[in-house]
Amino acid sequence: MKRTVGIILVLVVLLCAFATVAAEEKMYQFPELGLQMSLTQEQVAMGLSVVCENDIVAVFFQDTEGATAGMAIVEAVPAEVYNGQDLAIVEQYNMRGLGVNEGYGYYLFSINNFPDAVSYLNESMGEEYVASIKPYMERNKEEWDKAIAEIPSIIETISFIPVEKAEQTVAPFTATDIYGNTVTNEIFAQADLTVVNIWGTFCGPCINEMPELGQWSREMPENVQIIGLVSDIYNPDDTSTIESARSIVEATGADFVHLIPAEGLWDLLSISPYVPTTIFVDSTGRLVGEPVIGAYVAQYKQFVEEYLSGLEK
């Protein structure tokens, strides 16, 4: 599994004038993450603001000379990941949970202080660059320290709001499986529910669960099927990885259809940065339920049982 968790602290000197901001309390809402927070009128007047990008919420500060820095405070992390194999990483970075909201966990970053900014710049930009802006940094240290001191009180304003989730459907596609057979999105019409297991040839947990997935595929009801999507085969000419995938499938008995990603399937790979990730698709190609992140076959089976029970009502 892969994920990079850390603190964003970037200092960039900008050649621009300081923009005067309205001295009033400002509310920031991020419906896609289910979060909201606010700044006081004094914090806004100081040059503080809040931005959100790539599921990370950061406080930005612009000082009176026009320099800015972004300090990441919250990252949206799937709850399954926090409760699973990445827990040690979360503890390593001294993050504390804000709780779970609509299938996501939101976790608080520890905050870097001003000397950490110097260390970061030394590593990323080089000592020569840091030396060139050192007079500025020393001249404005007090201003930056005051801004950083506001972060804890800003964090206290964070609260949950309902997550806005758009319905997702698998786009039409024409792909090949790892044996060169053509497969289209019509495959979903062959069952009431399709279990799509996204895996990689490099992933130990993916391979370890395959014998059980193979056995399950042979025991499934007629209206349920499972297919694999091999995340690390980037085109049908990648013969080395395709051969690895074949060897894994044949050795583990997971002899169901395994697709090579193609246009229309790439969006499924972006659902989660982890493998294995397992999703569920109905007969129309619509994603149903929540993705299961990690090798939890019991959870896959539980969802299938619950979904079929709902169809019978």
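## The loop around Pro276

In this predicted model, Pro276 sits in the loop that runs between helix H10 (266–269) and strand S15 (277–282). The peptide bond that joins Val275 to Pro276 is cis, with omega at about -5°. For context, most peptide bonds are trans.

## The sheet that S15 belongs to

Follow the chain into strand S15 and you reach an open sheet of 5 strands, ordered S14-S13-S12-S15-S16, in which the pairing is mixed. Strand S14 (258–259) and strand S16 (287–293) form the edges, each pairing on one side only.

Which strand pairs with S15 over 6 bridges? That is strand S12 (residues 193–199), and the two run in the antiparallel sense. To find this pairing on screen, look for Val196, whose bridge partner in S15 is Ile279. In general, strands of a sheet pair through backbone hydrogen bonds.

## A bent helix

Now turn to helix H5 (residues 127–139). Its 13 residues, at 1.5 Å a residue, should span 18 Å, and because its end C-alpha atoms are 18 Å apart, the two values agree. H5 also bends by about 50° at Ile133, with a proline, Pro135, following within four residues.

Which residues of H5 are buried? Val130, Ile133, Tyr136 and Met137 are. An α-helix has 3.6 residues a turn, so residues three or four places apart point the same way.

## The whole protein

Stepping back, the protein has 11 helices and 16 strands. Of its 313 residues, 45% are buried. Among contacts between residues at least 6 apart in sequence, 68% join residues at least 24 apart.

Terms used:
Residues are numbered from 1 along each chain as its sequence is written. This is a predicted model: local features need pLDDT of at least 70, side-chain atom pairs count only at pLDDT 80 or more; totals for chains, interfaces and linings use all residues. Side-chain values use heavy atoms; hydrogens and water are left out. Two strands pair if DSSP finds at least two bridges between them. The expected span of a helix is 1.5 Å times one less than its number of residues. The bend at a residue is the angle between axes fitted to the seven residues ending there and the seven starting there. Buried means under 20% relative accessible area, exposed over 50%, partly exposed in between (1.4 Å probe, protein chains only). Contact means heavy atoms within 4.5 Å.
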